[in-house]
Amino acid sequence: MDEQRETLQRIVSTLANKNDEIHNFIDILNHTIKNVQVNSSSAISELDEEFDRLYSVLYEMSGTMANTIRQEAAHKIQALQDQLSQCRNALESSEELLELATQSLDIKDPVEFLKAGREIKDRVTVASVFRLSLKPEVSDSMTHLMVDFSMERHMLQAIKFLPVPRAPEIDVAACVVADNCITVSWGMPEEDSRIDHFVLEYRKTDFGGLPRVKDEQHWEVIDNIKATEYTISGLKFDKKYVNVRVKACNKAVAGEYSDPATLETKGDTTIESGQHYWEVKAQKDCKSYSVGVTYRNLGKFDQLGKTSSSWCIHINNWLQTVLSAKHSNKTKTLDTPVPDRVGVYCDFDGGQLSFYNANSKELLYTFRTKFTQPLLPGFMTWCGGLTVSTGLQVPSAVSMVQKSENRLSGSTNSLNNIAY
């Protein structure tokens with residue numbers, strides 16, 4: 001009966017999780033449909049604006065070129081009219097001279113005839129009609145102002161939508177989460193020399209599956225990234241995960257986003273597995289305090305380090321500064337300078353709790369045990385307060401010290417082995 005109940009409970013949990021995933025996917029689909037409608041309307045508006053600008057350029061060019069033709073026509077007509085006026089004046093003078101010459105033929109007196117002949121000859125010599133060009137000064141052709149837009153038409157007919165970069169692919173295996181930083185690495189599915197830069201977006205979340213549409217923070221944007229890797233630094237991991245996505249941009253347009261990747265940050269949670277790190281700084285008026293971890297069963301009036309279910313270091317600043325490690329009501333005084341900020345490292349699976357000088361990363365003390373229940377960070381203070389920085393990644397320097405410590409054999413700092 002109990003086994004069947006447990007099996008049914010697992011089925012219920014699986015179905016509930018699956019239903020939650022489907023609900024989230026439905027939200028994503030509805031959100032995507034809405035975005036398609038909005039983005040298509042925006043694309044059509046931009047297309048209309050581009051064509052309006054193109055029409056405006058063509059209309060302006062048409063007016064400018066038509067004015068050029070009109071000016072050329074006016075210049076030619078004026079030249080021809082001037083030539084026509086000269087011809088009419090020359091013709092009028094020539095007709096008058098012709099009539100005079102014709103009348104002179106009827107003169108009978110030889111003296112008068114010779115006189116009239118010399119006069120006509122002199123007038124003919126200077127007559128404009130014999131200096132007049134009988135060829136039009138300008139041609140009636142306007143072919144030099146004709147246009148052929150066949151090439152431009154082919155170019156216009158070849159207009160297509162801008163080449164959009166393909167979506168990058170995030171290399172999750174190459175992404176690194178460490179020291180309150182996230183290094184995101186990605187690549188393109190194929191080489192694209194036209195890519196100018198990338199845009200990286202990220203947001204914190206408590207959900208490890210597909211990014212959710214509802215009840216999520218806005219995407220933080222980092223623009224103009226030239227490489228295919230970027231480190232986001234100075235983060236506070238107050239959520240379990242971070243969603244990241246990337247898109248590529250050329251000089252004209254941005255491409256599709258990559259499939260979002262979800263990176264685990266190991267943010268603030270009850271400690272049930274894995275490695276965790278946080279830091280504590282005493283305020284100036286703080287005279288005495290303890291920092292460590294405890295099981296949930298710590299009593300209301302129990303002091304940290306005085307029970308078998310709690311581990312801590314204690315700093316006493318009353319008369320003289322004393323640093324000590326405490327567990328199961330056993331105390332070990334530590335001969336080391338007291339730091340102004342303490343780093344706490346907990347490896348639940350490895351059964352290790354270490355305290356560090358948070359500034360220098362010098363190891364202060366290490367408890368080694370097997371944790372059998374979920375842990376909670378524990379704090380106690382006498383007079384004054386503490387400032388706690390949580391959601392921190394394990395510093396690289398601490399990881400290196402821990403690896404070195406783990407290689408050491410035959411030695412232990414556990415208070416469980418201290419004889420009193």
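1. Although K361 is not a glycine, it has a positive phi of about 65°.

2. Before reading further, please note that this is a predicted model, in which local features need pLDDT of at least 70 and side-chain atom pairs count only at pLDDT 80 or more, while totals for chains, interfaces and linings use all residues. Residues are numbered from 1 along each chain as its sequence is written, and side-chain values use heavy atoms, with hydrogens and water left out.

3. On the overall form, the secondary structure of the chain comes to four helices and 19 strands. The chain has a radius of gyration of 48 Å, well over the 22 Å that the globule rule gives for 420 residues, so the chain is more spread out than a compact globule; here the radius is taken over C-alpha atoms, and the rule is 2.2 Å times the number of residues to the power 0.38. Along its principal axes, the C-alpha trace spans about 170 × 60 × 40 Å.

4. On burial, 30% of the 420 residues in the chain are buried, where buried means under 20% relative accessible area, exposed means over 50%, and partly exposed lies in between (1.4 Å probe, protein chains only). The accessible areas themselves come from the Shrake-Rupley method with a 1.4 Å probe, and for residues only the protein chains shown count as cover.

5. A second residue to check for its backbone angle is S328, which has a positive phi of about 55° although it is not a glycine. S328 is found in the loop between β13 (322-327) and β14 (330-334), and with a relative accessible area of 29% it is partly exposed.

6. Helix α1 covers residues 2-104 and includes D52, which is partly exposed with a relative accessible area of 48%. On the surface, D52 gathers with E46, D48 and E49 in a patch of negative charge. Patches are made of residues with over 30% relative accessible area and no salt bridge, like charges being joined within 9 Å and nonpolar side chains (Val, Leu, Ile, Met, Phe, Trp, Tyr) within 5 Å. For charges, Lys and Arg count as positive and Asp and Glu as negative, while His and the chain ends are not counted, and the place of a charge is taken as NZ of Lys, CZ of Arg, CG of Asp or CD of Glu.

7. Side chains of opposite charge can pair when their charged atoms come close. A salt bridge is counted when a side-chain nitrogen of Lys or Arg is within 4 Å of a carboxyl oxygen of Asp or Glu, and by this rule the count comes to 10 salt bridges. Among them is the one between R53 and E50, whose closest N and O atoms are 2.5 Å apart. Both R53 and E50 lie in helix α1, three residues apart, which is about one turn of the helix; R53 is partly exposed at a relative accessible area of 44%, and E50 is partly exposed at 47%.

8. D192 forms a salt bridge with R194, the closest N and O atoms being 3.6 Å apart, and R194 is exposed, with a relative accessible area of 53%. The side chains of D340 and K281 likewise meet in a salt bridge (3.5 Å, N to O). D340 lies in the loop between β14 and β15 (341-347) and K281 in strand β10 (residues 275-282), so this pair ties together parts that are 59 residues apart in sequence. D340 is partly exposed at 42% relative accessibility, and K281 is partly exposed at 35%.

9. Finally, A174 is found in the loop between β1 (169-170) and β2 (176-178). The C-alpha atoms of A174 and S185, which are 11 residues apart along the chain, are separated by 6.0 Å.

Definitions and conventions. Helices (H or I, at least four residues) and strands (E, at least two) are DSSP runs, numbered from the N terminus.
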